[in-house]
Amino acid sequence: MLTIHPTEHLTGLTVSGDYWDLDDIIQAIHEIVGEEMHYFHYEGARKRLLKVCAKMRQAAKGEHDIHYIANGINKNAIKKMKAIVPERSVYYAVNILLPELVFTALALNDFVVLYKETVDDSEWSLVTTSVRKFQAMIADAIASFMTEDHYLLFLTTLHTTSPLFHQYATQYVDILNLEYLALSKEERAEYITSFTLRLLAEDEAYKVLIDRLLNVTRISKQSLYEVVLTLKYPEDENILW
């Protein structure tokens, strides 16, 4: 069973499950975001979501953390089956920075709406069901750090039909990631709501970023999402999760 929970120092969220749990959500996200340039004005968000998928795929290959979880088999069951069976299952886990995974949950909503409009609007779609469950699990993982009103706003946003990330400057997620990393554990607990809300509105910092990016794209003729900022992340092994 896929699980998502905060890391010890609230640096991020741990996504874990067996190979098929991870593969299911990876495949669902790949399906729902479509092929390259299929949703032209969402290409930046699409590439960002696929990077999260890539981290989960690495985890499914055992390249991050591996946990051994009791699978419910007990000695009586083993005797009845008269077989040698494992009592623990292998779960693969990966830590993802909290602003990154919150953005993932929010951006997926735009793609759910687009998918329903252009591909499959069935309420029984396995793809949208998998994605909705993934979004709900992210929301549940941060619920205890939010006031009831803010949490309801977050849940409402996850089901809005109004686009949030049309032509969005996804470099802003990098800025939020690095700002969040610089906080202490206590500050993170206090400001999780703030960082979440900053993804829901174009605040002053976002507007400053847009101006910077537009100045570059006027000369380079690139799309917004193609501009690379000179930001440096610490190595994963140096992050206190």
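How do the residues of the lining of the second largest pocket divide into nonpolar, polar and charged? They come out as eight nonpolar, six polar and one charged. Here Ala, Val, Leu, Ile, Met, Phe, Trp, Tyr, Cys and Pro count as nonpolar, Asp, Glu, Lys and Arg as charged, and the others, Gly among them, as polar.

Quick background. This is a predicted model, where local features need pLDDT of at least 70 and side-chain atom pairs count only at pLDDT 80 or more, while totals for chains, interfaces and linings use all residues. Residues are numbered from 1 along each chain as its sequence is written, and side-chain values use heavy atoms, with hydrogens and water left out.

A pocket, on a 1 Å grid over the protein atoms alone, is an open set of points where a 1.4 Å probe fits, with protein on both sides within 12 Å along at least five of seven lines; lining residues have an atom within 4 Å of a point.

Back to the second largest pocket: 15 residues line it, and His41, Gln167, Ser223, Leu224 and Tyr225 lie nearest its centre. Helix H2 gives the most to that lining, with three residues. Helices are DSSP runs (H or I, at least four residues), numbered from the N terminus.

Now the largest pocket. Its lining has 24 residues, and Arg48, Lys51, Glu100, Asp174 and Tyr233 are the closest to its centre. H2 gives the most here too, with six residues. This lining divides into twelve nonpolar, four polar and eight charged residues.

Conventions. Helix = DSSP H or I, 4+ residues; strand = E, 2+ residues; numbered from the N terminus.
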